[in-house]
Amino acid sequence: MKKAVIFDLDGTLSDSIQSIKYSGDKALEPYGMGPFTVEQYKYFVGDGAANLVRRALIAGGDTGLEHFEEAYAGYKEIFRENCMFRVRPYEGIPELLATLKAQDVKIAVLSNKPHAETVNVIETLFGKNYFDVIRGQQENVALKPSPAGVYRILAQLEVKEAETLYLGDTATDMKTGKSAGLFTVGALWGFRERTELEEGGADAMIAHPLELLRYSV
């Protein structure tokens, strides 16, 4: 039986694409760009807010990223106020989390979303102190796919790599889990396709959150 599960946030625990789209479109509107589609935003996200803004600017025609600094500052401000816009947990996630907690499995979040907004989303959706560890983007800690955040969580939870599952919905997540030596599961309900998860090195893939219990017990 596993002792811990580390979850990605966007596209794994929470369906948050509307909050990201709303903030991105508002941030780029002053430069005559957008609105972009939900499908575009599913590929803008995943590697931190700065990379999201860079990808959106390039898609909007600013290939030299001339507007990056001001657009990035605008995005952060808008997203800070709107990070819960139409955000909800995916079907089956609350039941999965409750089952894991009932089995004394520790649960943690590792996201490339800014840390304050990561905490806001998790505590709004699931309550304070529900997760054992919450980690978003923080200064001096490399973003995923670096395993640095995973190692910090393992240390906090006092569990070993072999005792831990990692669940995410992108190749970045799969690479993060694999590079840290974890059994890595791809979430097929998220932002990306099966092919990307396979190429990222997923050890397994699941179509519904409760299927994770096959690997945690």
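Let's begin with helix H8, residues 171–179. Its buried residues are Ala171, Thr172, Asp173, Met174, Thr176 and Gly177. Buried means under 20% relative accessible area, with a 1.4 Å probe and protein chains only. Helices are DSSP runs of H or I, at least four residues; strands are runs of E, at least two; both are numbered from the N terminus.

Ground rules. This is a predicted model: local features need pLDDT of at least 70, side-chain atom pairs count only at pLDDT 80 or more, and totals for chains, interfaces and linings use all residues. Residues are numbered from 1 along each chain as its sequence is written, and side-chain values use heavy atoms, leaving out hydrogens and water.

What covers the buried residues of H8? The cover includes strand S4 (106–114), helix H7 (148–157), strand S6 (164–168), strand S7 (183–187) and helix H9 (194–199). After H8 comes Gly181, with a positive phi near 85°.

Now the sheet. It is open, with six strands in the order S5-S4-S1-S6-S7-S8, and the pairing is parallel. Pairing requires at least two DSSP bridges between two strands. The edge strands, S5 (133–137) and S8 (204–206), each pair on one side only. S6 and S7 pair in the parallel sense over four bridges. Leu165 stands opposite Phe183 in S7.

Last, Phe7. Contact here means heavy atoms within 4.5 Å. Not counting residues up to four places away in sequence, Phe7 touches Thr12, Leu13, Leu96, Leu97, Leu100, Ile107, Ala108, Val109, Leu110, Phe131, Leu167 and Leu212. That's my tour.

Notes. Buried < 20%, exposed > 50% of the residue type's maximum accessible area, 1.4 Å probe, protein only.
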